[in-house]
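Me: I have a fold open on my screen and would like to learn to read it. Please take me through it step by step.

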Amino acid sequence: MAEEGTEGTPATAKRAPAGAAVLRAEKTEAIRAAVFAELAAVGFARMSVEGIARRAGVGKTAVYRRWRSKLHLVLDVVSAVVAVGLPTPDTGSLRGDVRMMLEVAARALRHPMASQIIPDLLAEAARSPELAGALKATLHDSQESVAAAMVARAVERGEIPAGADGRLALDLMTGPLYWRLLVVRDDLPAGYLDELSAAVVGALGGR
């Protein structure tokens, strides 16, 4: 199969390996960007492969060569962003780790596109068990592993008691941010992340 060129037209400059298509990186990135724009503009339920392709300036076949459905496309794009945007903090203290994680999360949730996309996906997940399960695996589980690693290191350092719950730590960190930024839609007051960091550490038994 030939290298992916303009839609429906094989590129003649270079032959692809037999039985495979060479997917052009610039098209893939255009499609990824179009997914976020479409989600923000029309929501998951009304989003279509046709709309994504039109916004990306490609044909539908370019999308289907990469992802077999709208759901898989959205989850792949969202999980890629989560993987890049959520580092595992290791500042040397639990409070420092919590503060860094809160800063990253707050920056992401403040993004105008994220503030539209995330509530829409969660609302759609309430109607779609498949989407709900996929979002949990893509978003929650990856964040939970980061929180668990933070808590485990804090226990090793003697900052908090053994048996401290990483899942509780994640709830305490993300719940207030989601409430303020995406439900109430109010900005964070000065010093809020520092106060929340101290509260999270205190709730886990630290000082």
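Reply: Begin with the elements. Helices (H or I, at least four residues) and strands (E, at least two) are DSSP runs, numbered from the N terminus. Arg185, for example, sits in the loop between α8 and α9. This is a predicted model: local features need pLDDT of at least 70, side-chain atom pairs count only at pLDDT 80 or more, and totals for chains, interfaces and linings use all residues. Residues are numbered from 1 along each chain as its sequence is written, and side-chain values use heavy atoms, with hydrogens and water left out.

Me: How many helices and strands does the protein have?

Reply: It has 9 helices and 0 strands. From the N terminus on, the order reads α-α-α-α-α-α-α-α-α.

Me: What should I know about phi at Arg185?

Reply: Most residues other than glycine have a negative phi, and most peptide bonds are trans. Arg185 has a phi near 60°, a positive value in a residue other than glycine.

Me: How do I read the packing of two helices?

Reply: Two packed helices are described by the angle between their axes and the distance between the axes. Axes are lines fitted to C-alpha atoms, for helices over the stretch in contact, and angles run from 0 to 180 degrees between N-to-C directions. Angles under 35 degrees count as roughly parallel, over 145 as roughly antiparallel, 65 to 115 as roughly perpendicular and the rest as oblique.

Me: At what angle do the axes of α8 and α9 cross?

Reply: The axes of α8 (residues 166-183) and α9 (residues 192-203) cross at roughly 150° and come within 9 Å. That makes α8 roughly antiparallel to α9. The crossing is right-handed. A crossing is left-handed if the near helix is turned anticlockwise from the far one by less than a right angle, and right-handed if clockwise.

Me: Which residues of α8 and α9 meet?

Reply: Contact means heavy atoms within 4.5 Å. On the α8 side are Ala169, Leu172, Met173, Pro176, Leu177 and Arg180; on the α9 side are Tyr192, Leu193, Leu196, Val200 and Ala203. They divide into 10 nonpolar, no polar and 1 charged. Here Ala, Val, Leu, Ile, Met, Phe, Trp, Tyr, Cys and Pro count as nonpolar, Asp, Glu, Lys and Arg as charged, and the others, Gly among them, as polar.

Me: How do α5 and α9 cross?

Reply: The axes of α5 (residues 94-110) and α9 come within 9 Å and cross at roughly 130°. The two are therefore oblique to each other. The contact draws on Leu94, Arg95, Val98, Arg99, Leu102, Glu103 and Ala106 of α5, and on Leu193, Asp194, Leu196, Ser197, Ala198, Val200 and Val201 of α9. Sorted by type, these residues are 9 nonpolar, 1 polar and 4 charged.

Me: At what angle does α5 pack on α7?

Reply: The angle is about 160°, with the axes 9 Å apart. So α5 and α7 are roughly antiparallel to each other. α5 passes α7 in a right-handed crossing. Leu94, Asp97, Val98 and Met101 in α5 meet Gln143, Val146, Met150, Arg153 and Ala154 in α7. That contact holds 6 nonpolar, 1 polar and 2 charged residues.

Me: Is Val151 buried or exposed?

Reply: Buried means under 20% relative accessible area, exposed over 50%, partly exposed in between (1.4 Å probe, protein chains only). Val151 lies in α7. Its relative accessible area is 4%, so Val151 is buried. Not counting residues up to four places away in sequence, Val151 touches Ile160, Ala164, Asp165, Gly166, Ala169 and Leu204. Val151 and Val201 are 50 residues apart in sequence, and their C-alpha atoms are 9.7 Å apart.

Me: What about Lys136 and Glu124?

Reply: Lys136 is in α7 (residues 129-156). At 42% relative accessibility, Lys136 counts as partly exposed. Glu124 is in α6 (residues 112-125). At 13% relative accessibility, Glu124 counts as buried. Leaving aside neighbours within four places in sequence, Glu124 is in contact with Phe44, Ala45 and Leu131.

Me: What share of the 207 residues is buried?

Reply: Buried residues make up 38%. In α2 (residues 49-56), Val49, Gly51, Ile52, Ala53 and Ala56 are buried.
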